[in-house]
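This briefing goes through one protein model by topic. Please keep the sequence and the 3D view open while reading.

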Amino acid sequence: MIYEWQRVADDLERRIRAGEIPPGGRLENERELADVYRVSAGTVRRGVRALRERGLVETLPAKGSYVVDPLPPANPAGDESG
């Protein structure tokens, strides 16, 4: 079973690695992402936390979440959370 927050995190990681959201780029805010993925803001928050745990983004208080530069290597075994 895959949780919605995992689906959000995995898709955002795909977008980051594909260059759709470049290093240094800002993620959409929680409300915008919730609308895009049709989930709650809490689900988005948990997904972004997973991206932080994967080392892909950093969140700055009152500023948003940004893709790290440089990106860490992809984890071919998949993510270890769950």
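Contact here means heavy atoms within 4.5 Å. On that basis Glu13 touches Leu51, Arg54 and Leu56, leaving aside residues up to four places away in sequence. The model is predicted.

**Helix 2 against helix 3**

- Two packed helices are described by the angle between their axes and the distance between the axes.
- Helix 2 spans residues 30-37 and helix 3 spans residues 41-53; their axes come within 8 Å and cross at roughly 105 degrees. Helix 2 is therefore roughly perpendicular to helix 3, since angles of 65 to 115 degrees count as such.
- On the helix 2 side the contact is made by Glu30, Leu33 and Ala34, and on the helix 3 side by Ala41, Val44 and Arg45.
- Sorted by class, this contact of helix 2 with helix 3 has 4 nonpolar and 2 charged residues, and no polar ones.

**Nonpolar core**

- In soluble globular proteins, nonpolar side chains tend to be buried together.
- In this model the largest nonpolar core holds 18 residues, and Leu12, Leu27, Leu51 and Val57 have the most contacts inside it.
- Helix 1 (4-17), helix 2 and helix 3 are the elements that give two or more residues to this core. The most come from helix 1, which gives 5 residues.
- Leu12 touches Ile21, Leu33, Tyr37 and Leu51, not counting residues up to four places away in sequence.

- Glu13 is in helix 1. Its relative accessible area is 18%, and Glu13 is therefore buried, because the cut-off is under 20%.
- Leu51, one of the residues that Glu13 touches, is also touched by Leu12.
- Glu13 and Arg31 are 18 residues apart along the chain, and their C-alpha atoms are separated by 18 Å.
- Thr43 is in helix 3 and counts as buried at 19% relative accessibility.
- Thr43 touches Glu4 and Trp5, again not counting residues up to four places away in sequence.

- Strand 1 (residues 57-60) and strand 2 (residues 64-67) pair in the antiparallel sense over 4 bridges.
- Val57 has Val67 in strand 2 as its bridge partner, and Leu60 stands opposite Gly64 in strand 2. Val57 is also among the residues with the most contacts inside the largest nonpolar core.

**Backbone features**

- Ala62 lies in the loop between strand 1 and strand 2. At 90% relative accessibility Ala62 counts as exposed, because the cut-off for exposed is over 50%.
- Arg38 also has a positive phi, near 55 degrees, in a residue other than glycine.
- Arg38 is in the loop between helix 2 and helix 3 and is exposed, with a relative accessible area of 77%.
- Asp69 and Pro70 are joined by a cis peptide bond, with omega of about 5 degrees. Pro70 is in the segment after strand 2.

Definitions and conventions. Residues numbered from 1 in each chain as written. Predicted model: local features only at pLDDT ≥ 70, side-chain atom pairs only at ≥ 80, totals over all residues. Heavy atoms only, no water. Axes fitted to C-alpha atoms, helices over the stretch in contact; angles between N-to-C directions. Parallel < 35°, antiparallel > 145°, perpendicular 65-115°, else oblique. Nonpolar A, V, L, I, M, F, W, Y, C, P; charged D, E, K, R; others polar. Core = buried A, V, L, I, M, F, W, Y, C linked by side-chain atoms within 4.5 Å. Buried < 20%, exposed > 50% of the residue type's maximum accessible area, 1.4 Å probe, protein only. Pairing = 2+ DSSP bridges.
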